[in-house]
Amino acid sequence: MRIDVVTLFPEFMAQSAALGVVGRAAERGLLELHGWNPRDYAEGNYRRVDDRPFGGGPGMVMLIEPLRACLAAAKAADPAPAPVIYLSPQGRPLTQAKVRELAALPRMILLCGRYEGIDERFLEAEVTEEISLGDYVLSGGELGAAVIVDAVTRLQDGALGDAESAAQDSFEGPQGLLDCPHYSHPAQHEWGTVPDVLRSGNHAAIARWRRQQSLLRTALRRPDLLDEGQLSKADRLLLEQARQALAKDPTP
Ligand SMILES: C[S@@+](CC[C@H](N)C(=O)[O-])C[C@H]1O[C@@H](n2cnc3c(N)ncnc32)[C@H](O)[C@@H]1O
């Protein structure tokens, strides 16, 4: 997958993409990441990329022309068509379903704003869609772009060491449940004991326990994600049993 990022801070993107899963994916050729700086396309001695807003008020607005030339260069760098995605608090909040959709694309262009944002005429003319990280305001779109780069890269075939690990994560699978709890050594610790079933070697019982924990966690922590009417009979039974057990013994 190829991702082009239009940003005043391409070095931020390069650094954040050099580590861990994303860094390894880039080394293996699963991800091609390119930064494009609108300042390189600005005219004049000062290479100005922003100016005061019409109507007055605080802050600066990113200018159309440097962005236009920069985006044109990014688009022309590869023949594959690419949606232009503007990171914006006014966009649709990012979800794992959206991440899956984006991960299937051959290419995308991420546009990062700064200051008060970007001249609205540029957004209307060039942007395919706006994506938000959540209902809060960041100083720039780069963190959002880094989030998208990370989330889509780990879904590329071969990006993760264990191909199963993405499939079992939160929000994956048909019901989009939260992941179950995980434990490692030691089995006994002053902060608790690993559930017996995980040490039983009984794979069917372990799978059932994990499913039950996912159902219970989702019901308790994110009831908005759980459509209980859509659950199978077996899942409804597991959830009911987990709720009864919790009612009897509420200690975690
Ligand atoms: C200070 S913000 C501008 C906010 C804008 N004045 C508003 O209230 O909608 C500067 C840039 O940060 C990015 N940004 C801020 N919050 C974001 C969020 N929640 N999700 C994605 N990008 C965000 C956008 O690219 C935005 O252009």
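A polar backbone atom of Leu133 lies 3.0 Å from a nitrogen atom of the ligand in this predicted model, a polar contact being a pair of N or O atoms within 3.5 Å (within protein, one must be able to donate a hydrogen and the other to accept it, and residues adjacent in sequence count only if both atoms are side-chain atoms). At Gly113, a backbone N or O atom is 3.0 Å from an oxygen atom of the ligand. The protein buries 86% of the 590 Å² that the ligand exposes when taken alone, with areas from the Shrake-Rupley method and a 1.4 Å probe.

As for the numbering and the model, residues are counted from 1 along each chain as its sequence is written. Local features need pLDDT of at least 70 and side-chain atom pairs count only at pLDDT 80 or more, while totals for chains, interfaces and linings use all residues, and side-chain values use heavy atoms, with hydrogens and water left out.

The shell around the ligand holds 20 residues, the closest being Tyr86, Leu87, Gln90, Tyr136 and Leu138; a residue is near if one of its heavy atoms lies within 4 Å. Nine of the shell residues are nonpolar, nine polar and two charged, where Gly counts as polar and Tyr as nonpolar. Strands S5 (84-93) and S7 (129-132) are the elements that give two or more residues to this shell, and S5 provides the largest share, five residues. Strands (E, at least two residues) and helices (H or I, at least four) are DSSP runs numbered from the N terminus.

Where does the ligand sit? Its place is the second largest pocket, since more than half of its atoms lie within 2 Å of the grid points, as the term requires. A pocket is an open set of points on a 1 Å grid over the protein atoms alone, where a 1.4 Å probe fits, with protein on both sides within 12 Å along at least five of seven lines; lining residues have an atom within 4 Å of a point. This pocket has a volume of about 490 Å³. Of its 25 lining residues, Tyr86, Leu87, Ser88, Pro89 and Gly117 lie nearest the centre. Two or more lining residues come from each of S5, helix H5 (120-126) and S7. The lining comprises eleven nonpolar, ten polar and four charged residues.

Two backbone features complete the picture. His185 and Pro186 are joined by a cis peptide bond, with omega about 0°. Pro186 belongs to the loop between helix H7 (164-167) and strand S8 (188-189).

Note on methods
Points joined across faces, edges and corners; volume = space filled by probe spheres on them.
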